[in-house]
Every structure is written in C-alpha cells, then in structure tokens.
Amino acid sequence: PIDMNLTFNIISAFLIFALSIQVDSNQAEKNSVAVAKLTFETDTIDYGTIEQNADGKRVFKFTNDGDAPLVITNVRPSCGCTVANYTKEPIQPGESGQIEVGYDTKRLGAFNKSITVTSNAEESRKILRIKGVVVAKEDNK
C-alpha cells in the first residue's frame, strides 16, 4: 500500500525546492540589469548674498556612477525666473556632465528655487535647489 502522507511530503518538498530555484534565478536576473546612476557633487547651490544684476549663472556637476548610459530627458525649473541648460547626449558610465542654471538677479530679495531633473537613472527624478539673497547694488559715490 502507498503511504499518502509520505507521498504528500515528497511532492511538497519537491515543489518548495522548485520554487526556491525559480526565486533565486529571478533575483540573479534582476541583479544583472544595468542601470544608470546620477550622482551630483552637490544638490544645492547657495549664491549667498549677491548684488542686483550680478551674474546669476551656476553649474551643477554630476557623474554617471552606474553601469548603463545616462540620458537626461528633462530639466524643469520651478519658475520662469530660473533657466537651465543641460548635457543632452547620453553620458556613459564613469563620465561626467553638467546642468547650468541661471537665476534672474534683477529680482530683489531672498530666493529658494527647485530644479527637477528627470532621467533614466535608478532615481528617475532628482530635485536640485538654488538659494540666496539679491540686494540692491550700492552706489560708490
């Protein structure tokens, strides 16, 4: 006679073993997928106190620390007072690029603006910040 408990236990053990092999192969496949990684030298640029109409251009430098080409698809400032230009070509692993931002320094007062960077990187959206205070230019008479 066939022992049903023994048969059930053997089939159960086999199914558990088969599922564990499948899970391991899926995990190995996920670990082998190449990804781009966007690493900035800094994510905030502090202009400090600057005079009205001073040069408002600054540069965010970054490196692709991943193992796939990095493609930046969009760079969007939070308001019209800030413009951004960026590296449009794919950045290969280990290579660097930059995002140049310009703040309109005609506007007096404190500012704290964000720039949203969208890319194919592991972290697909990155928020950068610029901040500072624009003061009236003193006349040297």
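Reader: Is the disulfide of Cys 79 and Cys 81 left-handed or right-handed?

Author: The model discussed here is predicted. In general, a disulfide is a covalent bond between the sulfur atoms of two cysteines. In this model the sulfur atoms of Cys 79 and Cys 81 lie 2.1 Å apart, and the two residues form a disulfide. The torsion about their S-S bond is about -45°, so the disulfide is left-handed.

Reader: Is Cys 81 buried or exposed?

Author: A residue counts as buried when its relative accessible area is under 20%. Its disulfide partner, Cys 79, has 24% relative accessibility and counts as partly exposed. For Cys 81 the relative accessible area is 5%, and therefore Cys 81 is buried.

Reader: Which residue of S6 is the bridge partner of Ala 84?

Author: Strands of a sheet pair through backbone hydrogen bonds, either parallel or antiparallel. S5 and S6 (residues 96–103) run antiparallel and are joined by five bridges. In S6, the bridge partner of Ala 84 is Val 101.

Reader: What is the average twist from one strand to the next in the sheet with the order S2-S8-S7-S4?

Author: This open sheet has four strands, and the pairing is mixed. S2 and S4 stand at its edges, each with a single partner strand, so one side of each has no neighbour in the sheet. From one strand to the next, the twist averages 15°.

Reader: In which sense do S2 and S8 pair, parallel or antiparallel?

Author: Six bridges connect S2 and S8. As an example of a bridge pair, Asp 46 has Lys 131 in S8 as its partner. The sense of the pairing between S2 and S8 is parallel.

Reader: Which residues touch the most other members of the largest nonpolar core?

Author: In soluble globular proteins, nonpolar side chains tend to be buried together. The largest nonpolar core of this model has 25 residues, and the members touching the most others are Phe 60, Ile 99 and Ile 130. At least two residues of this core come from each of S1, S2 (44–51), S3 (57–64), S4 (72–77), S5, S6, S7 (109–119) and S8 (125–135). The residues asked for are Phe 60, Ile 99 and Ile 130.

Technical notes:
Residues numbered from 1 in each chain as written. Predicted model: local features only at pLDDT ≥ 70, side-chain atom pairs only at ≥ 80, totals over all residues. Heavy atoms only, no water. Pairing = 2+ DSSP bridges. Core = buried A, V, L, I, M, F, W, Y, C linked by side-chain atoms within 4.5 Å. Buried < 20%, exposed > 50% of the residue type's maximum accessible area, 1.4 Å probe, protein only. Disulfide = S-S within 2.5 Å. Axes fitted to C-alpha atoms, helices over the stretch in contact; angles between N-to-C directions.
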